[in-house]
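Hi,

Here is the structure I said I'd pass on.

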Amino acid sequence: MKQIFFEKENFREYDIWKDSMIITKDVYLYTKGFPKQDAIINQMQRAAISIPSNIAEGSSRKSSVEFARYIEIALGSAYELETQIELSFLLHYINNDIYKKLISNVYDVVAKQNLTYVYIVERAIRNAINTAMNNCDHK
């Protein structure tokens, strides 16, 4: 199984960041064929960029709670992008093959974001319990 949890110093080593960068590249590639004045181009690109950007920024935080919040923000961006992909398909801006590829990649990243969020929150809870237990032992 790929490494999806954040225990390294460099966010570039995280599969979840790498996978979201591929999604961002693909969004830029496929939106080139959209009608030039359509606002969905900017919306899709911004949502896609937000996913790896928030993962990177969150990895710099010292607190697990803060880090989890950035994962939540990235997750919201992934859901936003999913909606925009659906709309692009309904508007016939992308074909079925591109739709399936993009949606599959977004689902994969969403699943990894959810697992990462749970892992981070559970780790924060364990740390809080251990700290409380250690404080009790010293009294």
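Below is what I found in it.

It's a predicted model, so to speak of local features I needed pLDDT of at least 70, with side-chain atom pairs counted only at pLDDT 80 or more, while totals for chains, interfaces and linings use all residues. Residues are numbered from 1 along each chain as its sequence is written, and side-chain values use heavy atoms, leaving out hydrogens and water.

H2 is mostly covered, with 14 of its 20 residues buried (buried is under 20% relative accessible area, exposed over 50%, partly exposed in between, with a 1.4 Å probe and protein chains only).

Met 44 sits in H2. Why does Met 44 count as buried? Because its relative accessibility is 1%. Leaving out residues up to four places away in sequence, Met 44 touches Val 27, Thr 31, Phe 34, Leu 81, Gln 84, Ile 85 and Ser 88 (contact means heavy atoms within 4.5 Å). Thr 31 is 13 residues from Met 44 in sequence, and their C-alpha atoms are 8.2 Å apart.

Over in helix H3 there's Ser 64, which counts as buried at 16% relative accessibility. Leu 91, in the loop between H3 (64-90) and H4 (96-137), is partly exposed at 39%.

Cheers

Terms used:
Helices (H or I, at least four residues) and strands (E, at least two) are DSSP runs, numbered from the N terminus.
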